[in-house]
Structure formats: structure tokens, C-alpha cells
2 protein chains.
Amino acid sequence: MARQVTSICCDAGGAFVTAFEYDDAMAKPKTHDEALRLRLLHRAAATVFDRGTAALSLRQLAADVKTSTTAVYSLFGNKAGLLSSLYQEAVHLFVERLATVHPTDDPAGDVIRIGLAYREYAVANPHLYAILFSDRSVQCSSESDRPREVVETYRPLIDAVSRGQRAGQFSSESAPEVIALSVWGMAHGLVSLVLSGNEPPELAVADCYERALRALVAGWREGEERASGVADAM
Amino acid sequence: MARQVTSICCDAGGAFVTAFEYDDAMAKPKTHDEALRLRLLHRAAATVFDRGTAALSLRQLAADVKTSTTAVYSLFGNKAGLLSSLYQEAVHLFVERLATVHPTDDPAGDVIRIGLAYREYAVANPHLYAILFSDRSVQCSSESDRPREVVETYRPLIDAVSRGQRAGQFSSESAPEVIALSVWGMAHGLVSLVLSGNEPPELAVADCYERALRALVAGWREGEERASGVADAM
DNA sequence: GAGCAATCAAAACACTGTTACGGTGTGTCG
DNA sequence: CGACACACCGTAACAGTGTTTTGATTGCTC
């Protein structure tokens, strides 16, 4: 449960804590420093991680970390800023997880494995996943930064598809981005259905997930996409 | 914009308004009646429809309809109950929309058309769609009712797949529910990516959507799903 | 007409995010 | 060396929220 969360604390490393203690002719030494920032982030992640963003109260958060709400405002601007920072961390962990799928000489298999890793991360970290993809309250990172982050997360998938095309495993009639997007969409869709409680009853999505991915990959094989034209049956 | 919303007001029909005005030896005549219930639902739908559930304030809602917040509590229990009723309506509209895709003698084509209708509803009614599938704040309908509603929404898809299997357009090795789920997942995933602002830059999902669906359908053709085994390329 | 009880608007409560205020403590300057 | 200045930051105030309680109103029943 708290496994992933602790990694948030470790990621940025608490090294240069006393970096800009004073910038001009100043007064009190800062206690709203990088170390406190990480403690807040850590604690907020834990709460969001198992009760969602709505359950995160700045007052409670500040009390837990034994500071005041002012700290959140001086370090993150406001609640949205705090969640935005969490968003960044969630992206970071997500990218890291997907990067553990190393390319092999079977690109189509890599695509499947990336899809499985996608699901594994989401199921293991449902609230961080929610921050990434569903929570409307996270405005995050000035709108224009987001696409770049998004493309970063699914770059490995595009690469795998490209290699698959060169290896003849995928049709070259469509751009690799298009094929990758379809895989991304299916993974995201099936995962989202489960996490939002909308998975159909009496049907374990987990069992169908890989088969669905394989069917999609099969459908993008050379020459297949033309054959699926409308007038086909009887 | 307000087109779909007004239909919410008309759906239940304000017929038996004076049904149970008095049940025992009572006092004041009720003003928190079915008509008021519909007015509240209508107004709430309008707000949620274009500003989301978070922007819905019960005080403001009551003021708009010229009643008090007590009305919401006596008619819906609480805010969650109100949103739950909205959820029911959103499901209803969604099912209605998907039902407009009539079966033809090309079941595979029907599957594609259902997928397109899915997307069309979501894009036209983003906030109702959000209530259905993403908004965590909607606990809705006692948990146990939901699966039945869900299955209702994607029953037409299962039927189309079943017919496709009999027509030889889909492999019969997988249950129709599995194939339908994959289509449902892809549609939901691609739509969700767009609505949550996570669509990849420089790539119009709208343009890829139908192609992705067609690839998936192609991948479920007879004998295809076995061929996508791991060791395939060089 | 008196009693009574259901009804419902308004006020109270406990919470939220956010902003304004002031005591605190440190460095600089006279 | 003391007084000033000023950034810092905990506290309290503000404007909201959903929800619960209160208490006047109202119209049937006896």
C-alpha cells in the first residue's frame, strides 16, 4: 500500500535542503523548506493514494505534518498546486514503470507487455492513476506542459510499434502513432472501466485483458485493415 | 446545449403529481412534490452539464428553483442522492442513444456504428458522460444496481457480436461478452483520453477512432486470435 | 374551535479552501 | 550595542460548502 508512496519521498532526494535559506538581507530562517515540501507531498500522496483527492484536507494535512496551512500556500500556491505536484510524481512513477519493459526482438510482444504493465501500475496505484487520468480537480501544469508529459508516457509504445512495422508485424499503412493510440486507448479503457466500478458483472476483465490486446495487435497486421470493410458478410 | 437537459424534464412526465399528498391524518399540503423534484433535477442537470458536479451547490440550486435546501434532502436524501438520480437519467439517455443503432445484416458494421454512437454521445454530453464513468463523487444506486444498468447499456453490443459470430464475422472461440468488452473498452478509452485532456498532441483522435475500431474488429475474425502468439517475427 | 402533527424555510453546525493579520525572530544599520 | 526593518509563518477571520436541527406555519381531525 504505502510502498509506492515512500518512493515519492525518495525521488527528489533531500540533498540541498539549506540551499536558499536567505536570498537578500533577510530575517527569520525558513522552515518552509524543501524538506517540509517533501514531507507534505509524501503525506498528501498517502492520503490521496487511499482515499482520493476529495478526502485531502489542507488543514488535516498540515496538522499531520505538524505545520500550518500557510506552508502549503507558500510551497505549492494552493491545493491545485499541491495536486499538480502529485500529478508530476504520478507521471514520473508511471513512466518509470513503463520503462521497465525493455525492447526485445519481438516488438508485437513488447506492445502486449507494455499494455500489461500499464494495467499493473493502474491496479496497484488506483488513486495515482486517477490523478493522471480522471480527476477533474487536477488542473495541473499550465495546460501546455501536459501533452509533452503524455507523449513521454507513451513514447515506448510508439517505438515498439515502429519496430514492429519494420519487422512486418504491423501494417505500415497507418502511422505508428495511430496504432499506438489504439492500444493505449484500449488499455486505458479497460482499466478505467474496472477502476470506476463499471466493469460488466460476471466477467473478469483481468482475464480478457490480454486476449483483447492480442486481438487488437492481430487486427493491425499487414493488409488487415482494408479487409474489414463494411460489406463482408452474407 | 440545453437540448438533452430538457429531455430529462420530460422523461418521467409530471402526471400523478397529487398522488400521495396525505398518507395519514396530516397537516400542510406538500410542496416538495414530484413537480419540484423534476424542476430540481432539470436545473441540476443543466449546471452539471456545463460546469461539472463540483460546481453544483445545493444552496444555489435551491435558490434557482426558489425553494430551500430542505427540498433536496426530502426529495433526494442528500447531494449524492441527487447525483445518483442524475446518473440514472444519464444512463437512460445513453441507452436510448445506443438503441438508435438498429441491427442490420452486417453485424460487424453494427459494432462499428455502435462504437461511433458511443463516441458521439460522449462528445455531445461530456458532463453526463463524466457522471456515468469518471466522477468518483457519484456513489450512486446502492452499488448492486449498477452492474445491471451497465449490462443494459452494452447489451446491444453483445447482441451485435453474437450475430457476427453466427455470420462468421467474429471468431467463436471467445465468448461474445469478451469481444464486446474489448470494443467497449477501446471506445471508452479513446473517448476518455480526449475528454480528460490526455489525448496525444498533434494527433486527432477523432480521425483514428473509426480506424482503430475497424482494426480491433478485424483482429477478432475467425482464427486470428491464435496467430498472434508471441514468437512471430524474426 | 382546540389540538396536533406533518411540512418546510431558516438558522446552526462542522467542515472546506483561501486570505489577512501580527507576533516573532534574525540580520543590518546607525 | 541597541533600534530598526523586514521576511517568515502560526493564528484567526472570511466566504463558501453539505448536512442537521429548530421552530413557526398550516390545515386536517376530533
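**Exercise 1. Is A:Ser85 buried or exposed, and what is its relative accessible area?**

Solution. Step 1: A:Ser85 is buried, with a relative accessible area of 16%. Buried means under 20% relative accessible area, exposed over 50%, and partly exposed in between (1.4 Å probe, protein chains only).

Step 1: find its place. A:Ser85 belongs to helix 5 of chain A. Helices (H or I, at least four residues) and strands (E, at least two) are DSSP runs, numbered from the N terminus.

Step 2: list its partners. Neighbours within four places in sequence aside, A:Ser85 touches A:Arg37, A:Leu41 and A:Phe76. Contact means heavy atoms within 4.5 Å.

A word on the model before we go on: it is predicted, local features need pLDDT of at least 70, and side-chain atom pairs count only at pLDDT 80 or more, while totals for chains, interfaces and linings use all residues. Residues are numbered from 1 along each chain as its sequence is written, chains are lettered from A and ligands numbered from 1 in the order in which they are written, and side-chain values use heavy atoms, with hydrogens and water left out.

**Exercise 2. Describe how helix 5 of chain A packs against helix 6 of chain A.**

Solution. Step 1: helix 5 (residues 79–99) and helix 6 (residues 107–124) of chain A meet at an angle of about 140°, and their axes are 9 Å apart. Axes are lines fitted to C-alpha atoms, for helices over the stretch in contact, and angles run from 0 to 180 degrees between N-to-C directions.

Step 1: name the residues. Helix 5 of chain A brings A:Ala90, A:Leu93, A:Phe94, A:Arg97 and A:Leu98, and helix 6 of chain A brings A:Ile114, A:Ala117, A:Tyr118, A:Glu120 and A:Tyr121.

Step 2: sort them. This contact has eight nonpolar, no polar and two charged residues. Ala, Val, Leu, Ile, Met, Phe, Trp, Tyr, Cys and Pro count as nonpolar, Asp, Glu, Lys and Arg as charged, and the others, Gly among them, as polar.

**Exercise 3. At what angle do helix 6 and helix 10 of chain B pack?**

Solution. Step 1: helix 6 (residues 107–124) and helix 10 (residues 205–219) of chain B pack at about 145°, with axes 10 Å apart.

Step 1: by class, their contact holds nine nonpolar, one polar and three charged residues.

**Exercise 4. Why is helix 7 of chain B largely enclosed by the rest of the structure?**

Solution. Step 1: helix 7 (residues 126–133) of chain B is largely enclosed because seven of its eight residues are buried.

Step 1: those buried residues are B:His127, B:Leu128, B:Tyr129, B:Ala130, B:Ile131, B:Leu132 and B:Phe133.

Step 2: they pack against helix 9 (176–195) of chain A, together with helix 2 (34–51), helix 5 (79–99), helix 6 and helix 9 (176–195) of chain B.

**Exercise 5. Sum up chain A: how many helices and strands does it have, and where does pLDDT stay under 50?**

Solution. Step 1: chain A has 11 helices and zero strands. Of its 234 residues, 49% count as buried.

Step 1: check the confidence. The mean pLDDT of chain A is 81, and 77% of its residues reach 70 or more. pLDDT is the predictor's confidence in each residue, from 0 to 100.

Step 2: In chain A, pLDDT stays under 50 over residues 1–24 and over residues 225–234. Where pLDDT is low, the predicted coordinates should not be read in detail.
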